Amino acid sequence: MKLESYDSRAEALLRVEGIASLPGGITCSQPKGFSRTGQRGKTLKIVVIGGTGRIGSKLVSYLTEQGHDVIPAAPNTGVNTLTGEGLAEALQGAQVVVDVSNAPSWAEKAVMDFFTTSTGNLLNYGAAAGVGHLVALSVVGTDRLAESPYFRAKGAQEKLIEESGLPYSIVHATQFFEFVQGIADFSTQGNEVHLPPVLIQPMAAGDVAKAVGRVAVGKPVNRVVEVAGPEAFRLDDLVRRYLQATGDPRKVVANPAALYYGVPVSERALVPRDDAKLGTVRFDDWLAQEKLKRAA
Ligand SMILES: NC(=O)c1ccc[n+]([C@@H]2O[C@H](COP(=O)([O-])OP(=O)(O)OC[C@H]3O[C@@H](n4cnc5c(N)ncnc54)[C@H](OP(=O)(O)O)[C@@H]3O)[C@@H](O)[C@H]2O)c1
């Protein structure tokens, strides 16, 4: 079965020279012997930590549509990975646990405490429950952005998983389209938005959820796999397009010395490796959809 969320058209859609070497023929067939319901056609019990969030809610829908038994786990469904509350009960009988949670605070100590404590709990409770596959969502470039407390915390989360001995897959995704507003707001000075003109290859949250879902029903790969959007942009250009499309009067200034979320960023720090799988939703199409939603 050819999965519709990835295709080789993505290569032709690249706008920025220098990334034209992204892999061609990017079709993602389901591994042999796997069906809609995952490993050898089985219905899997899959617990989605952060299952009420931006990615989590889309992931829960995607996996449920595939016929799996999916448990959205978050504090407001009675599961708290920081305290361990409800975790043993939720994980009972689960084959797969997917962590797409996020820290409520990105302050240095809070964010590190969140990702290390909640991941530690998840690994301990997961091992006790006999979970066979832990999938975690992280960010492309995490290792290149270690000056940022948030990315240091994501790096610590990844390290705990890699060293746990539990079969795992870590999915690195690029920035979500839904996150562009946040980038603009963080870099605003008066009526100007100062951004370094580095490369970025953002993707739709829906494409992220599908990619994570496909990894979740496959075998653990015990490494990082990367996913990204179909087109690369200059960061300043991406934000300029977003602000223009949303009628925001702020002016975007390309400034090579400007920081990205408070840290220096190099030309290719935010773009994935050549073997990244690419989503199909283009930024302009997503913007048009968002405009329609706002008008409705
Ligand atoms: N933003 C980007 O561009 C980007 C790019 C690549 C990867 N990522 C990664 O994507 C992941 C998900 O991001 P998102 O934007 O979908 O997050 P989000 O919308 O903020 O959702 C976070 C989820 O985590 C849950 N949560 C918070 N504290 C919890 C706890 N103690 N125990 C269990 N669940 C808890 C929340 O539940 P409540 O609603 O009940 O609090 C919510 O369901 C993050 O790990 C992030 O690093 C983000």
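## Contacts and overall make-up

Of the contacts in the protein with a separation of 6 or more, 81% are between residues 24 or more positions apart; two residues are in contact if their C-beta atoms, placed from the backbone, lie within 7 Å. This is a predicted model, in which local features need pLDDT of at least 70, side-chain atom pairs count only at pLDDT 80 or more, and totals for chains, interfaces and linings use all residues. Residues are numbered from 1 along each chain as its sequence is written.

The protein has nine helices and twelve strands. Helices (H or I, at least four residues) and strands (E, at least two) are DSSP runs, numbered from the N terminus. Of the 296 residues in the protein, 44% are buried. A residue is buried if 20 or more other C-beta atoms lie within 10 Å of its own, exposed if 12 or fewer, and partly exposed in between, with C-beta atoms placed from the backbone.

## Helices α2 and α7

Two packed helices are described by the angle between their axes and the distance between the axes. Helix α2 (residues 54-65) and helix α7 (residues 205-216) have axes that come within 8 Å and cross at roughly 55°. That angle makes α2 oblique to α7. Axes are lines fitted to C-alpha atoms, for helices over the stretch in contact, and angles run from 0 to 180 degrees between N-to-C directions. Angles under 35 degrees count as roughly parallel, over 145 as roughly antiparallel, 65 to 115 as roughly perpendicular and the rest as oblique.

The crossing of α2 past α7 is right-handed. A crossing is right-handed if the near helix is turned clockwise from the far one by less than a right angle, and left-handed if anticlockwise. On the α2 side the contact is made by Arg54, Ile55, Lys58, Leu59, Tyr62 and Leu63, and these meet Ala205, Gly206, Val208, Ala209, Lys210, Val212, Gly213 and Ala216 in α7. By class, the contact of α2 with α7 has nine nonpolar, two polar and three charged residues. Ala, Val, Leu, Ile, Met, Phe, Trp, Tyr, Cys and Pro count as nonpolar, Asp, Glu, Lys and Arg as charged, and the others, Gly among them, as polar.

## Helices α4 and α5

The axes of helix α4 (residues 108-129) and helix α5 (residues 149-162) also come within 8 Å, crossing at roughly 15°. The two helices are therefore roughly parallel to each other. α4 passes α5 in a right-handed crossing.

From α4, the contact takes in Glu108, Val111, Met112, Phe115, Thr116, Thr119, Gly120 and Leu123, while α5 gives Pro149, Tyr150, Arg152, Ala153, Lys154, Ala156, Gln157, Leu160 and Ile161. The residues of this contact of α4 with α5 divide into ten nonpolar, four polar and three charged.

## Around the ligand

There are 27 residues around the ligand, and Gly50, Gly53, Arg54, Ala74 and Ser101 come nearest. A residue is near a molecule if its C-beta atom, placed from the backbone, lies within 6 Å of it. The elements that give two or more residues to this shell are α2 and β4 (133-139). By class, the shell around the ligand has 13 nonpolar, twelve polar and two charged residues.

Thr77 lies in the loop between β2 (69-73) and α3 (87-91). Thr77 is partly exposed, with 14 other C-beta atoms within 10 Å. The C-alpha atoms of Thr77 and Gly50 are 9.8 Å apart, and the two residues are 27 residues apart along the chain. Apart from neighbours within four places in sequence, Thr77 is in contact with Thr52 and Pro72.

## Helix α8 and what follows

In helix α8 (residues 235-245) the buried residues are Leu235, Asp236, Leu238, Val239, Arg240 and Tyr242. Their cover includes α6 (180-186), β7 (192-195), β8 (199-200), β10 (233-234) and β11.

After α8 comes Gly247, with a positive phi near 70°. Pro249 is in the loop between α8 and β11, and Pro249 is exposed, with 7 other C-beta atoms within 10 Å. Pro249 and Glu192 are 57 residues apart in sequence, and 9.0 Å apart in space, C-alpha to C-alpha.

Most residues other than glycine have a negative phi. Asn222 has a positive phi near 55° and lies in the loop between α7 and β9 (224-228). Asn222 counts as partly exposed, with 13 C-beta neighbours inside 10 Å.

Tyr261 has a positive phi of about 50°. Tyr261 lies in the loop between β11 (251-254) and β12 (277-278), and is partly exposed, with 16 other C-beta atoms within 10 Å.
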